[in-house]
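Hi,

Here is the model I promised to pass on to you.

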Amino acid sequence: MEKNTQLSVMGGGLVGCLLSLYLAKQGYRVDVYERRPDLRRTDIPAGRSINLALSDRGWRALETIGISEDIKKVAIPMYRRVMHDKSGHLSFQPYGQEGQAIYSVSRGGLNQALLDLAEAQPTISLHFQQQVLEVEVASNKVTMLDNSAGQEYQITPDVIFAADGAFSMVRLSLQKTDRFNYEQSYLDYGYKELSIPAAADGSWQLEKNALHIWPRGQYMMIALPNIDGSFTCTLFFPFEGDPSFQSLKTEAQVHGFFQEIFPDVTALMPELAQEFFENPTGSLVTVKCFPWSNAGKILLLGDAAHAIVPFYGQGMNAGFEDCTVLRGLLEEHQGEWETIFKTFQEVRKPNTDAIADLAVYNFIEMRDKVADPRFLLQKKIESK
Ligand code: FAD
């Protein structure tokens with residue numbers, strides 16, 4: 001039976017789409033407002049990273065809505081880390097027991113699949129190019145901007161779910177309320193995506209079923225495979241100092257640096273200098289805040305509640321787990337929003353705080369310790 005409460009999900013990204021499906025399955029009518037145009041019909045960049053590592057908590061959430069098998073067909077299992085040292089020597093660390101893996105998936109492809117599913121539900125309405133500007137928290141009145149018409153208007157949903165990402169406008173409105181705790185911290189490092197195209201015969205130029213790492217002490221590069229035979233590399237690098245994004249100013253400097261530091265892969269990156277200068281440099285932020293809800297009328301989740309740095313590959317996975325936990329609470333407490341939201345934030349906050357801290361720590365491990373023979377030995381002992 002359809003329920004009368006009017007629910008709005010702000011943000012049609014990975015978490016917003018999945019959440020809208022869960023809410024629709026519970027019998028609610030849901031409006032999803034997404035700032036950007038429909039990515040299935042426009043050639044816009046998928047967002048922050050081209051591919052993502054999907055792990056167990058993410059798969060569990062996708063199983064619930066029946067798309068895990070479809071996504072698995074276009075996902076690449078990565079059974080191990082492959083570390084490349086400066087002389088091109090390789091070492092290996094399995095991600096789990098025999099057959100266990102994390103998976104490389106396309107962010108755009110996954111978002112599109114979720115949008116298709118949402119669109120197929122008669123009780124979900126998708127509204128693209130509709131941007132949240134501000135929420136009047138006391139009344140739940142939301143000021144929206146229609147980006148296609150350039151016009152502002154207002155809506156007043158019964159319940160607002162904020163899945164509008166790390167720079168959430170809903171959260172910004174909550175920040176102005178009494179006793180709302182908020183902290184954000186940036187790393188001194190940024191990231192840049194570079195690419196290794198497929199070989200002429202369409203095959204992968206590095207081991208396909210692996211996550212590749214070039215740990216270099218103060219910085220590192222990683223590469224995840226794509227289904228078209230290419231790899232997307234991400235260089236995590238200081239913004240300032242030497243070397244840094246700032247210090248490499250010419251094509252010759254970029255080539256010289258890569259040839260010295262990443263010698264086994266530079267020849268596989270024909271567009272290196274162009275990509276280095278033309279692709280955006282992203283920043284890396286951790287956001288912690290609390291409470292995530294207000295009076296049973298507003299709930300933050302996904303990156304809007306807990307943005308983390310990507311070194312554990314768990315941001316999206318944690319956002320999907322938010323949806324799984326929320327789904328259980330929706331079933332248990334049927335429309336008692338205040339109870340649902342309070343329980344949700346109490347259950348989830350310690351977990352997301354922990355992964356936020358682990359993610360920062362894992363940067364040190366990945367860029368530095370995975371190259372350290374003592375660490376490799378320790379891992380060997382642990383995995384026995
Ligand atoms: P988002 O994906 O940011 O989606 C938010 C949506 O809201 C967007 O569609 C946006 O357009 C929309 N929006 C924003 N503002 C408004 C507004 N005012 N009004 C309306 N709509 C709005 N996670 C993993 O699990 N595995 C990985 O391997 C991984 N790798 C990563 C690599 C990098 C370099 C980075 C930066 C992140 C990575 N993450 C990874 C984290 C992951 O990208 C995020 O945790 C995930 O995208 C969060 O999903 P979300 O839906 O909460 O937010």
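Residues are numbered from 1 along each chain as its sequence is written.

On confidence, the average pLDDT (the predictor's confidence in each residue, from 0 to 100) is 93 for the protein, and 94% of the residues score at least 70. The stretch to watch is 374-384, where pLDDT is below 50 and, beyond near neighbours in sequence, the model shows 5 contacts. A contact here means two C-beta atoms, placed from the backbone, within 7 Å. Where pLDDT is low, the predicted coordinates should not be read in detail. For the complex, the predictor gives an ipTM of 0.99 and a pTM of 0.95.

Now the fold. The protein has 12 helices and 19 strands; these are DSSP runs (H or I, at least four residues, for helices; E, at least two, for strands), numbered from the N terminus. Its radius of gyration, taken over C-alpha atoms, is 22 Å, close to the 21 Å from the globule rule for 384 residues, so the protein is as compact as a globular protein of that length. That rule is 2.2 Å times the number of residues to the power 0.38. Of the contacts with a separation of 6 or more, 69% join residues 24 or more positions apart.

Around the ligand sit 34 residues, with Gly11, Gly13, Gly165, Gly302 and Gly315 the closest; a residue counts as near if its C-beta atom, placed from the backbone, lies within 6 Å. Elements giving two or more residues to this shell are H1 (14-25), E2 (28-34), E3 (51-54), E9 (130-136) and H10 (315-333). H10 supplies the largest share, 4 residues.

Helix H1 deserves a look of its own. In H1, 10 of the 12 residues are buried, among them Leu14, Cys17 and Leu21. Buried means 20 or more other C-beta atoms within 10 Å of the residue's own, with C-beta atoms placed from the backbone. After H1 comes Gly27, with a positive phi near 95°.

Happy to talk any of this through.

Best wishes

Key:
Predicted model: local features only at pLDDT ≥ 70, side-chain atom pairs only at ≥ 80, totals over all residues.
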